[in-house]
Every structure is written in C-alpha cells, then in structure tokens.
Amino acid sequence: MTKATRNDIWVQGAAYERYVGRWSRSVAAAFLDWIAVPPGMNWLDVGCGTGALSQRILESAIPAKIVGVDTSRSFVSHAAAHLTDKRIGFRVGDAHALPVEDAVFHVIVSGLVLNFVPDPAKAVSEMRRAARPGGKIAGYVWDYAGEMQFIRLFWDAAAALDPAARKLHEGVRFQFCSPDPLRALFTAAGLREVVTKAIDVPTVFTDFDDFWSPFLGGQGPAPAYCMKLPERGREALRENLRSKLPTDADGKIRLIARAWAVQGLV
C-alpha cells in the first residue's frame with residue numbers, strides 16, 4: 001500500500017516539526033547537494049508541508065522562484081508564516097491535480113510525500129506536466145522498513161504489544177519506499193536517466209523524553225496511533241521502547257534516519 005489512511009494526521013505544523021521535521025531538514029540539505037541544480041531556476045515543491053525542503057532551497061540553491069503546494073491548509077499557513085522571502089509562495093492543492101500551469105518549472109521536488117499520495121503514478125505524471133522539457137523531477141521518502149530507525153523501532157515495539165498495530169506499521173504499509181519501486185515509478189512516467197540514492201542522517205535524542213514526547217503530538221501515523229491508545233497501553237508501549245533503545249551512559253539515544261532519493265529528467 002502507498003496510500004494515506006484516516007490514521008495519518010497532518011494538521012499541526014509545530015507538532016510535525018518536533019516529530020520529524022527537524023530530521024527532514026538534514027535530509028533536505030543532502031538531497032539538494034545530490035540533485036545539484038544550478039542557480040536561477042524555478043522550483044515546485046509538491047507536498048511542501050511545513051516548508052523544510054523549501055527553506056533549504058532558499059538557503060542553498062539560489063532559486064529564481066519557488067511554489068510550494070500542500071493539501072493541508074494548516075501546513076501551508078505554517079510554511080507561509082515562517083518563510084516570507086519574496087521568491088516563494090504557497091498554495092493549497094492536490095498532488096493529483098497540481099494548481100499550476102503546464103511546462104513552467106525547471107525543477108520539481110517532493111520530500112517525504114509520495115508514499116502518502118493515493119496514486120503516486122498520477123502525482124509523478126502531474127509533476128511531469130508542470131516541468132519544462134529537460135527539467136528535473138526528484139523526491140525522497142523514508143526507509144520505513146529499514147533504517148528510518150526511530151519510526152521502525154516504534155512500530156516494532158507497538159506490534160509486539162498489539163497485533164493490530166502490524167497492519168499500521170509503516171514498514172509494512174510502505175514497501176514502495178525502496179529503490180526498485182521508486183526507480184520503476186519514475187521510469188514508467190517516461191523520465192530518463194533515473195537514479196536512486198540512500199541518504200543517511202544522524203538522529204541523536206538528548207534523552208528518552210526527547211525521543212518519546214514527539215509521539216504525543218498526534219501528527220503522522222505513529223503519533224496518531226500512540227495517542228489513540230488507552231493510558232495503560234501507552235505506558236506499556238513507552239516502557240517497551242525504553243527497554244529496547246540503545247542508550248549511552250549520558251542518556252543520549254543515537255540512531256540514524258535513512259531516506260531513499262530518486263531523480264530523473266523530462
């Protein structure tokens with residue numbers, strides 16, 4: 001499955017930032033280095049969320065213009081409030097029907113979104129429609145089944161306590177998030193020179209509370225599941241996780257987050 005469910009809650013920008021936004025910013029920086037776009041280009045950020053990738057584009061890619069599109073009005077409002085550069089604008093819109101004209105963008109990117117789109121092939125087709133000939137389309141998703149460690153460890157612990165959690169496990173739901181399916185998705189859309197890459201970033205939590213408290217924000221599949229548990233169930237999950245996490249003598253929890261990135265040319 002690659003589609004979102006009613007358990008996938010994305011409405012509170014600040015809670016999302018604490019949960020995964022802070023780590024996605026590091027991935028965004030490495031992703032932009034990899035796709036190596038020259039200055040002065042027009043960019044479209046599909047599923048812009050709270051603006052993590054758009055902010056990195058502003059800081060390092062010297063764009064002429066960026067348009068960010070997301071289905072969540074709250075995320076768009078959060079992004080617009082925090083990114084006020086005159087080169088960037090945000091719109092509420094659907095990846096299946098992007099609110100942009102044909103063939104106007106040099107670069108179209110999507111960060112941590114494609115697995116939540118009901119029809120990824122249609123979304124990539126829309127990106128191709130909006131790209132200029134010779135333009136670049138690129139994106140990245142978390143390696144949920146592998147080395148996106150803090151999310152995988154959460155679901156492993158949840159499934160050990162609650163068999164019903166297994167079907168919600170993002171590593172089970174999003175098997176699409178690996179190199180071969182991503183390469184096939186872009187190739188089927190008619191893109192050329194399609195390549196993939198693993199991007200790893202450290203996720204160092206200062207202590208267990210720093211690890212656990214973002215799951216209480218309710219944003220995304222794992223936090224939404226966590227907050228729907230009865231108090232006793234949540235306590236059991238918390239202690240199960242605490243017992244299994246690799247913790248240094250100073251209390252720090254050192255993990256990594258891997259994203260799979262893909263790019264191709266129109």
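**A mixed sheet, its helices, and its side-chain pairs**

Phe31 counts as buried, since its relative accessibility is 0%. Here, buried means under 20% relative accessible area, exposed over 50%, and partly exposed in between (1.4 Å probe, protein chains only). The model is predicted; local features need pLDDT of at least 70, side-chain atom pairs count only at pLDDT 80 or more, and totals for chains, interfaces and linings use all residues. Residues are numbered from 1 along each chain as its sequence is written, and side-chain values use heavy atoms, with hydrogens and water left out.

Aromatic pairs come next. The whole structure holds 17 aromatic pairs. One of them joins Phe31 and Tyr140, with ring centres 4.7 Å apart and planes at 55°, so this pair is tilted. Phe31 lies in helix H1 (residues 13–35) and Tyr140 in strand S5, so the pair links distant parts of the chain, 109 residues apart. Tyr140 is buried as well, with a relative accessible area of 3%. Phe208 and Phe211 form a stacked pair, with 6.1 Å from centre to centre and 25° between the planes. Rings of Phe, Tyr and Trp (its six-membered ring) pair if their centres lie within 6.5 Å; planes under 30 degrees apart count as stacked, over 60 as edge-to-face, the rest as tilted. Phe208 and Phe211 are separated by about one helical turn, being 3 residues apart in helix H8 (residues 208–212). Both positions are shielded: Phe208 is buried at 13% relative accessible area, and Phe211 is buried at 1%. Phe208 and Phe211 also belong to a cluster linked by ring pairs.

An open sheet contains 7 strands in the order S3-S2-S1-S4-S5-S7-S6, and the pairing is mixed. Its edges are strand S3 (88–92) and strand S6 (192–205), each of which pairs on one side only. Neighbouring strands are turned by 20° against each other on average, direction ignored. Two strands pair if DSSP finds at least two bridges between them. Helices (H or I, at least four residues) and strands (E, at least two) are DSSP runs, numbered from the N terminus. Axes are lines fitted to C-alpha atoms, for helices over the stretch in contact, and angles run from 0 to 180 degrees between N-to-C directions.

Strand S1 is largely enclosed by the rest of the structure, because 5 of its 5 residues are buried. Asn42, Leu44 and Val46 point one way from S1; Trp43 and Asp45 point the other way. S1 runs parallel to strand S2 (residues 65–70), and 5 bridges pair the two. Within that pairing, Leu44 faces Val67 of S2. Between S1 and S2 the chain passes through helix H2 (residues 52–60), giving a right-handed β-α-β crossover. Right-handed means that, with the strands pointing away from the viewer, the path from the first strand over the helix to the second runs clockwise. S1 also runs parallel to S4, with 3 bridges joining them. Val107 in S4 is the bridge partner of Trp43.

Strand S7 is also largely enclosed, because 10 of its 13 residues are buried. S7 is joined to S6 by 12 bridges in the antiparallel sense. Val195 has Gln263 in S7 as its bridge partner. Strand S5 (residues 131–142) pairs antiparallel with S7 (residues 253–265) over 7 bridges. Lys136 stands opposite Leu265 of S7, and Tyr140 stands opposite Ala261. Helix H4 (residues 120–130) packs on the sheet, touching strand S1 (42–46), strand S4 (105–111) and S5, and its direction makes about 145° with that of S5. Contact means heavy atoms within 4.5 Å. Helix H5 (residues 149–161) lies across S6 and S7 and runs at about 115° to S7.

Charged pairs complete the description. A salt bridge is a side-chain nitrogen of Lys or Arg within 4 Å of a carboxyl oxygen of Asp or Glu. The count comes to 13 salt bridges. Arg87 meets Asp85 at 2.9 Å, N to O. Arg87 is partly exposed at 25% relative accessibility, and Asp85 is partly exposed at 27%. Arg192 bridges to Glu193, with the closest N and O atoms 3.1 Å apart. Arg192 is partly exposed at 41%, whereas Glu193 is exposed at 56%. Arg242 and Glu239 form a salt bridge at 3.1 Å, N to O. They lie 3 residues apart in helix H10 (residues 231–244), so about one helical turn separates them. Asp102, Glu126 and Arg129 are linked in a network of salt bridges.
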